[in-house]
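Subject: Structure handover

Hi,

Here is the structure I promised to pass on.

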Amino acid sequence: MRVGWPCHSEPVPEWFGSPRPLGLTPLGHGLRGEELLHRIVAGRPDGPVTHVEAIAARVGRFDDWPPWVPDLLRGRFSLAGIERPWVHQVEAADLAWAGQSVVVATGTASGKSLAYQLPVLSALLGDDRATALYLSPTKALGNDQLRSIRDLTLVSVRASAYDGDTPRDERDWVRAHARWVFTNPDMLHRGILPAHQRWSSFLRRLRYVVVDECHAYRGVFGSHVAHVLRRLRRACQRYGAEPVFVLASATSGDPAASSSRLTGLPVRAVSVDGSPHGETSFALWEPPLTELVGERGAPVRRSAGAETARLLADLVVEGARTLAFVRSRRGAEIVALQARRLLTEAGAGELAGRVAAYRAGYLPEERRALEAALSSGALLGVAATNALELGIDISGLDAVVMAGFPGTLSSLWQQAGRAGRQATPALAVFVARDDPLDTYLVHHPQSIFGRPVEATVTDPANPYVLGPQLCAAAAELPITEADLPLFGAAAARASLDTLVADGLLRHRPAGWYWTSKQRPAVDIRGSGGEQIAIVEASTGHLLGTVDPGSAHSSVHTGAVYLHQGASYVVDRLDLDRFVATVHAEEPSWTTNARDVTEIDVVRSLQGADHGPVAVHFGVVDVTNHVVSYQRRRLGTGEVIDDIPLELPPRELRTRAVWYTIGESALSAVGLAYADWPGSLHAAEHAAIGLLPLFASCDRWDIGGVSTAGHMDTGLPTVFVYDGQPGGAGFAEHGHRVVGDWLAATRAAIAACECATGCPSCVQSPKCGNGNDPLDKAGAVAVLDVVLGALEG
């Protein structure tokens, strides 16, 4: 069981769906999560609950303050209501104080902040020249942590923010006088390291680097951040400093190894949670089928968003303080609006005003006011984006509803952990979307409650990340032979040779030098190339940017684009001018791009034969062509139409996992040649949908191709590839766990109650072939062949 909570599984209770029993204890006077769940399920003939997990309360375990903590600091924490620390806080703080880099990976609301505040503040109070650096993935989280430090009124610490919002005249003061600087990886990459000479006094005295919410650094972004931290360590070494890294993470698989990959240092993990947590009932909820018919006649379920709005309204009626996590900003606003409408229609209009959406774009004081209103009970229901799991300070909630899988089990547990903080009992509900992964999870609860949380996937050796980062490093300081182990030894040397051959670096006996007077432009959150500007046509206002790799699918002509809760429709995507012009509109549909893909094998890096089946991981060239987009009705997901697009194909060198099957093996299980394309196609779609269960990715981070006879393999082949140049580590992780991954894929298809295939098992919303052909039964047969060969 993750998050350190003891648990046991329960079948769905017999009283679910029966009339509400009389005399239930009113909320706020001991109502348990299972009773609250019963109230909202009563009267539902469709039986949406597939499983309930009873998560027992956890008793907190205190420890004494470490003897090295100054009396002044203890006194300040006491005034803040912290009389004694939890055991995990002391364990992590002791390691950091002793000079050991450490990651504290415990559950939501377990007090991870205190684990790094103790050593950092003790060092700053004990040495008036010492400095510290704090990094967070979001400015909101960094500002909250900065505010908590300032509330301690330790004047000599001089904690200050240094980010994109810091006024120019304040930046000089922060650089010269601040002793604990709160920033983010983007500002470290763009603003601090390129000007390291101006920061030399600060870097020379740097004792600690805090990396908060480090599980957020995954994929290509995480790989870039790994090199930004290595560049920071190199700059510190130049000025004679060796800071200790203290990382804070949600519960994750092998946090020590993940943190070591991120920092390049040996890191110790503290993962036994000593904080208390209330009893929680965790329900898995599958929305019912509707009378609507989807693509190719497939049945359509009630949308997760609509079901979440209904749950939010029901919970507000019960007086439960509830947070609903929704995947998009627009989705959060729609859920809040629908919940308010349902409350008004039910004659509870006075409660409608106690439901709100929480979105990006709020001022800090507005956000804090909303958090306070939810914590106090003035607000009862809030619909928020998944990003709110980072940086929100809300405790003591009665219920959390999650509309769809948030991408990783780590995020799922972090969101669920918002309910039942401290000793209060609570309810968590996971509402499945109509896709293979969510459907698999609600019918296989052991995949949530009985397996380790996945590890964070990064690949610092990705040449499309390593090359630009070496350019950035060389522009800061010449790269020497002694630096090569820091950046990956053999991989770094090979990349340096390429950069020299391309004329970007110059090799001299003393090292490698940057050749240009201009700094290298490296986008650590994108995939490189010039960004596509998104501009409001009527005002010329720049709304944002999108990387060129995703522009074809996200800002094509006709696409619905969301920005800070507002909805826009793209008028035109001009690839020559790198701009997408949009206008404000609130359409009653969403859009999904459809694409077709061709793939060529460049080389296999790893491979193994298993009789009639061979499994490989390697480098591939992908040609992707967005050919059309679908408009789907909000609330139901019903397909309105499919509109063709005229966009050029895009080429991508990346990494993939693939398997081949001997033709005789397919014939032996009764699959005629005419059945192969649909069977392989269905197996490919489902495999893409299930990979996020094993690698910390989203299905939109990866792609796939299947063919009854690939030109490079000569055999029936299924590919799943990373959607980023050079790869992101997801396909490689899939190769490592291919047996478990494909077994889960087979189980998801076989368990689906549809007859011939639907969005819950083998249909894909981005399939450029219109989900044709697809053979659900054939996909099961294909996977039986593969799994049988792997087990043999």
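Which residues point one way from β13 and which the other way? T322, A324 and V326 point one way, L323 and F325 the other, and all are buried (under 20% relative accessible area; over 50% is exposed and in between is partly exposed, with a 1.4 Å probe and protein chains only). In a regular strand the side chains alternate between the two faces of the sheet.

Before I go on, the ground rules. This is a predicted model, in which local features need pLDDT of at least 70 and side-chain atom pairs count only at pLDDT 80 or more, while totals for chains, interfaces and linings use all residues. Residues are numbered from 1 along each chain as its sequence is written, and side-chain values use heavy atoms, with hydrogens and water left out. Helices (H or I, at least four residues) and strands (E, at least two) are DSSP runs, numbered from the N terminus.

β13 runs parallel to β15 (residues 381-385), with five bridges joining them; two strands count as paired if DSSP finds at least two bridges between them. L323 has V382 as its bridge partner in β15. β13 also pairs with β16 in the parallel sense, over four bridges, and there A324 is partnered by V401.

Helix α15 is mostly covered too, with eight of its eight residues buried. Its buried residues, W413 among them, pack against β2 (49-55), β10 (280-285), β13 (322-326), β16, β17 (426-431) and α17 (446-449).

G407 is worth a click: you'll find it in the loop between β16 (399-403) and α15 (409-416). It is buried, at a relative accessible area of 5%. Leaving out residues up to four places away in sequence, G407 touches R327, P692 and C697, where contact means heavy atoms within 4.5 Å. G407 and S696 are 289 residues apart in sequence, yet their C-alpha atoms are 6.6 Å apart in space.

**The seven-stranded sheet**

Seven strands make an open, parallel sheet in the order β5-β6-β4-β7-β8-β3-β9. β5 (159-161) and β9 (268-270) are at the edges with a single partner strand each, so one side of each has no neighbour in the sheet. On average, neighbouring strands here are turned by 20 degrees against each other, direction ignored. For all the angles, axes are lines fitted to C-alpha atoms (for helices over the stretch in contact), and angles run from 0 to 180 degrees between N-to-C directions. Helix α5 (residues 139-150) packs on this sheet, touching β4, β5 and β6, and its direction makes about 160 degrees with that of β5.

What does β3 do in there? V102 and V104 point one way from β3 (residues 102-105), V103 and A105 the other way, and all are buried. β3 pairs in the parallel sense with β8 (residues 244-249) over four bridges, and with β9 through three. V104 has a bridge partner in β8, A248, and another in β9, V270. Further along, β4 and β7 (residues 206-211) pair in the parallel sense over five bridges, with L135 opposite V211 in β7.

**The five-stranded sheet**

Another open sheet has five strands in the order β21-β20-β24-β23-β22, with mixed pairing. β21 (542-546) and β22 (560-563) stand at its edges, each with a single partner, so one side of each lacks a neighbour in the sheet. Neighbouring strands are turned by 35 degrees on average, direction ignored. β22 and β23 (residues 566-574) run antiparallel, joined by four bridges, and V560 sits opposite V569 in β23.

**Helices**

Helices α11 (residues 304-317) and α12 (residues 329-345) pack at about 50 degrees, with axes 8 Å apart. That makes α11 and α12 oblique to each other (under 35 degrees counts as roughly parallel, over 145 as roughly antiparallel, 65 to 115 as roughly perpendicular and the rest as oblique). Residues making the contact include A306, A309 and L312 of α11 and V335, A339 and L342 of α12.

Helix α7 (residues 185-192) has P185, M187, L188, H189 and I192 as its buried residues. Their cover includes β4 (131-135), α6 (168-177), β6 (180-183), α9 (219-238) and α18 (463-476).

Cheers
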